Amino acid sequence: MPYVALWSGERAGLESELVVEVGRGGLRLGYENERPEDRASSSDVLCARVEQSPGVGRPLYDSMHPARQYVAMYSMKCQVCGQPASRNKDGWLFLDWRKPYDPPTWPEGALTGMPPLCDIHARSSIAECPHLRHTEFVVLRVRTPRLWGFSGTPYMLTANGWTVKENDALLPIGDPGLRGVVASRLIRELRNVSVVGGGS
Ligand SMILES: [Zn+2]
């Protein structure tokens, strides 16, 4: 089972835990009873709360556990086994496919929330992942997978409580909008890429 996969037994935190607090530089979103691990260490961004109990229930392959995605993406671990991702003289090993927000230079400059892979699990993902069977994808070596920002849910406090307009907003590190976001994925920008394979 992929290291980053979310399991059905891992329950998400509740909206009722969200509060507006005074933080560094002004008002920001927080949690009641906030713990240090609720914020991304690199950037102070509030992270989605989800229980950590991999193996309980069934794996939800199309969802990633926010904390395990963060660890894999931040520390360049394989998203399947959690061991160090493959790296050679041309860079780190990533799979990617076109997304609506990618630049015309894709795959150069692509933004991705999918952590890298080791050699073994790049091969097994290509062979077994149902999503890749129906999607044109590329195998990349990436020299500069730059920490770019987060995807997550921007919250607004109204007279009727919290409102949400979108679930997968993309915001770069340093964007003031991140003060109102519950982040679910750490995003890297793939720079200095070489295409070394592909399919579908
Ligand atoms: Zn692996």
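# Working chat on a predicted model

Student: What share of contacts between residues at least 6 apart in sequence join residues at least 24 apart?
Tutor: In the protein, 73% of those contacts join residues at least 24 apart in sequence. Keep in mind that this is a predicted model.

Student: Okay. How many helices and strands are there?
Tutor: The protein has three helices and eleven strands. From the N terminus, the order is β-β-β-β-α-β-β-β-α-α-β-β-β-β.

Student: Which radius of gyration does the protein have, and what would a compact globule have?
Tutor: The protein has 17 Å. A compact globule with 200 residues would be near 16 Å, so the two agree. The C-alpha atoms fill a box of roughly 50 × 40 × 30 Å along the principal axes.

Student: And what percentage of the residues is buried?
Tutor: Buried residues are 32% of the 200.

Student: Let's go inside. Which residues touch the most other members of the largest nonpolar core?
Tutor: Val45, Leu46, Phe94, Leu117, Phe150, Val181 and Ala183 do, in a core of 40 residues. Two or more residues each come from β1 (5-7), α1 (66-75), β6 (91-97), β7 (110-112), β8 and β11 (181-199).

Student: Which element gives the most to this core?
Tutor: That is β11, with seven residues.

Student: Pick Phe94. What is it in contact with, leaving aside neighbours within four places in sequence?
Tutor: Phe94 is in contact with Thr112, Pro116, Leu140, Val142 and Leu190.

Student: Now α1. Is it mostly covered or mostly uncovered?
Tutor: Mostly covered. Seven of the ten residues in α1 are buried. They are Pro66, Ala67, Arg68, Gln69, Tyr70, Ala72 and Met73.

Student: What do those buried residues pack against?
Tutor: The buried residues of α1 pack against β4 (59-64) and β11.

Student: What follows α1?
Tutor: Met76 follows, and its phi is positive, near 55°. Met76 lies in the loop between α1 and β5 (87-88).

Student: Why does Met76 count as partly exposed?
Tutor: Because Met76 has 16 C-beta neighbours inside 10 Å. A residue is buried at 20 or more and exposed at 12 or fewer, so a count in between is partly exposed.

Student: Where is Asp44, and what is its phi?
Tutor: Asp44 is in the loop between β3 and β4. Its phi is near 70°, a positive value in a residue other than glycine. Asp44 is partly exposed, with 14 other C-beta atoms within 10 Å.

Student: And Ser43: where is that found?
Tutor: Ser43 is also in the loop between β3 (26-31) and β4. Ser43 counts as partly exposed, with 14 C-beta neighbours inside 10 Å.

Student: How far apart are Ser43 and Leu178?
Tutor: They are 135 residues apart in sequence. In space, C-alpha to C-alpha, Ser43 and Leu178 are 9.8 Å apart.

Student: Back to peptide bonds. Which residues does the cis one join?
Tutor: A cis peptide bond joins Trp106 and Pro107, with omega about 5°. Pro107 sits in the loop between β6 and β7.

Student: Last topic, β8 and β9. Do they run parallel or antiparallel?
Tutor: Antiparallel. Four bridges join β8 (residues 137-158) to β9 (residues 161-164). A hairpin connects β8 to β9 through two residues.

Student: Which residue in β9 stands opposite Leu157?
Tutor: Trp162 stands opposite Leu157.

Technical notes:
Residues are numbered from 1 along each chain as its sequence is written. This is a predicted model: local features need pLDDT of at least 70, side-chain atom pairs count only at pLDDT 80 or more; totals for chains, interfaces and linings use all residues. Two strands pair if DSSP finds at least two bridges between them. The radius of gyration is taken over C-alpha atoms; the globule rule is 2.2 Å times the number of residues to the power 0.38. Two residues are in contact if their C-beta atoms, placed from the backbone, lie within 7 Å. A nonpolar core is a set of buried Ala, Val, Leu, Ile, Met, Phe, Trp, Tyr and Cys residues joined through C-beta atoms within 7 Å.
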